[in-house]
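Please open the model in your viewer and have the selection panel ready. The stops below are meant to be taken in order.

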Amino acid sequence: MKMSDIKRQHPLMIIMEAVRSFVYMLPPVFLFLLSISEDIELSAVLSYIWILVIPAVAFFALSTLRWYLYTYSYEEGYLHIKRGLVFKKERSLKKERVQTVNIRTGLLQRLLDVATVRIETAGGGMESEVILKAVKMEEAQRIRSYLESGPKSKSYTTDEESTKTTSGTGSEHDTEYGITASYVLPMREIFLAGATSGRFMLLFSFIAAAFSQFYPYIPEYITDLLIEQLIPESSTDILLVVIILLSLLILSWLVSVLAYMVKYANFTIHRQHEYLKISWGLIEQKEFTLKINRIQALSIQEGLFRQPFGLCAINSEVAGGGLRDQEYVTIICPLLHKRELATFLEQILPEYKIPASMTSVPRRARKRYLFRTVGIAIIIILPLQLLPYGWMALFLLLPAFILGLSRYRAGATSIDDKQLTFRFRNINRYIVLMMKNHIQSLESGSNPFQRRSDLSNISTSVLSSPSGKTFHVDNVDDREAKKIWKWFSGN
Amino acid sequence: MKTLLANEPSERIDPRALKAWFIGGILKGLVLLFVPVVYLVLIKDIFRSLPDIWGWIGVGVIAFYTIWDAIIAPQLRIRFWRYDIREDEIDIQHGIFIIRRTLIPMIRVQHVDTEYGPLMRYFGLATLRISTAATDHRIPALSKEKSSQLMGEIAALARVSDEDV
């Protein structure tokens, strides 16, 4: 059988590995040169630069050897890998244990139609993943479809049956698993996502910090010229600062939008039976596959900059694997209009539904929400009154009040047959959808004041990549909390 | 008292816990007391300018804390700490001011441990620790027989399920 052939990776791996080792060697060498540069003329060192050829050749030879010794084969549900010269290492991966298979391609790789395949197994940590640095794209696809097919789907159907017998409501699922649908994010949406991502704030702080280091070196006549051009007949420093800050802000915003667009270009999500395939990227293309039942919760995030435009993003909490790429792995869709949300879920993730109506927290909870934010603001403001200009801190009260009020407005819960839905706000507003069989534990808590007005906080824990994740809605009406409790306990 | 549900879990933790917590609290208080005593006896004499008052305030705070930690808090804790282990779920209630109630479905339980320190062992008590894939829960101060019995029960009830992870 062709499958069982012993294979090697694409020879591009030799170059990739050699270059990588070589690049890793450079910083220490450079630092060494810096430390001795006082004693020796730099030109004298430069004339010996050809010496670098020796390690280059050595790395190349080593990488060739490594490439030659790294063999893999797949048969009978296992992926076998052999490598090592002195210490031989062998590993067999059972395909039932494989959690995700990610394929990504860099620029150089794309020219040669080669991809890196990362195979993650249950368990986390460095030892839990296998990386094939360079294999032909079609081979990468073949490995993936091999690891995700065959006996695995057979065992999955038996799983399905067993859950069916325990839950008793699996009939509609069978039709749902037959779905194939895909969604391509239009470039305009990606632009909007980048424009409203709020990432420019972080970038801005970097750029501003760099600029402040750089500023003294800008010749004075340039700044003077700038001022004259922009604000004639004025030489106030404050205006200059404002202008510089504004232009830096715009610059960092543009850069962040551009970076975002390059990173998430061609964002495509494809649903096929019980798998989700997500791919994105313009220069470096990434692709990963996710088994639906690894999704532990969906959270719909309405960012501060996005909510006014009726935009949201969909993230997911995923069990196991994806440590390094965690940030990306959890994104299901970077931007969506809220009105398209229901349709999107219906097509891609019909298991989850946006509830038609949610039960908001009762009106008597409002003062508790306000007390929380305004109270904290007052605690911050009071000691500041001792300082000069401390009264300016009083301006904090208004945002605190608004935040408390909008948290109160956001607080809501909903239950249906299998799904629990929370809506709440920290700074961004979230709607979190959870399946009953993914909730690890349910907790409700109340302090004496809450007990007096029949309110309680309700929280759930789900499994998520690094550790567990807890979602909570505060000051829920006791009757509602009781309903959720019964729903979770009602087996 | 109006908790979330009128029907609290029925099982309570072992009343011997009061003694263990009392002694533990006193011991902790004594250790803490070491700091202001050292201040009053040694440091104050080395630097003449430091007043006594801080040392006595320290002693006072620790005394209050110890009374709370060794006598009052355990009473409240034991009053509210309840649990129930049913066939398909574990129900735990605990707290002093903020009373929390937790529900863990049996199929989510990954493993159960018992653990005990020297003081707990002296009184024949143990803490039962129940872990799910995402969370950790404890039932403290159960009699040793009870805790190993519960551990067996939970282990038998908690079926290993791979379906969702």
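This tour goes through the contact between two chains.

This is a predicted model, in which local features need pLDDT of at least 70 and side-chain atom pairs count only at pLDDT 80 or more, while totals for chains, interfaces and linings use all residues. Residues are numbered from 1 along each chain as its sequence is written, chains are lettered from A and ligands numbered from 1 in the order in which they are written, and side-chain values use heavy atoms, with hydrogens and water left out.

**Both sides of the contact.** Select the 32 residues of chain A and the 26 residues of chain B that make the contact (heavy atoms within 4.5 Å). Together the chains bury about 2,600 Å², 53% of it on carbon and sulfur atoms; buried area is the accessible area (1.4 Å probe) that two parts lose on being put together, summed over both.

**The salt bridge.** Next select Glu443(A) and Arg100(B), which form a salt bridge with their closest N and O atoms 3.2 Å apart (a side-chain nitrogen of Lys or Arg within 4 Å of a carboxyl oxygen of Asp or Glu). The count between the two chains is 1 salt bridge.

**The strands.** Now select β3 (89-95) and β4 (99-105) of chain B, each of which supplies at least two residues of the side that touches chain A. β4(B) gives the most, with 7 residues. Strands here are DSSP runs (E, at least two residues), numbered from the N terminus.

Within β4(B), Arg100(B) is the bridge partner of Gly445(A).

Methods:
Helices (H or I, at least four residues) and strands (E, at least two) are DSSP runs, numbered from the N terminus. Two strands pair if DSSP finds at least two bridges between them.
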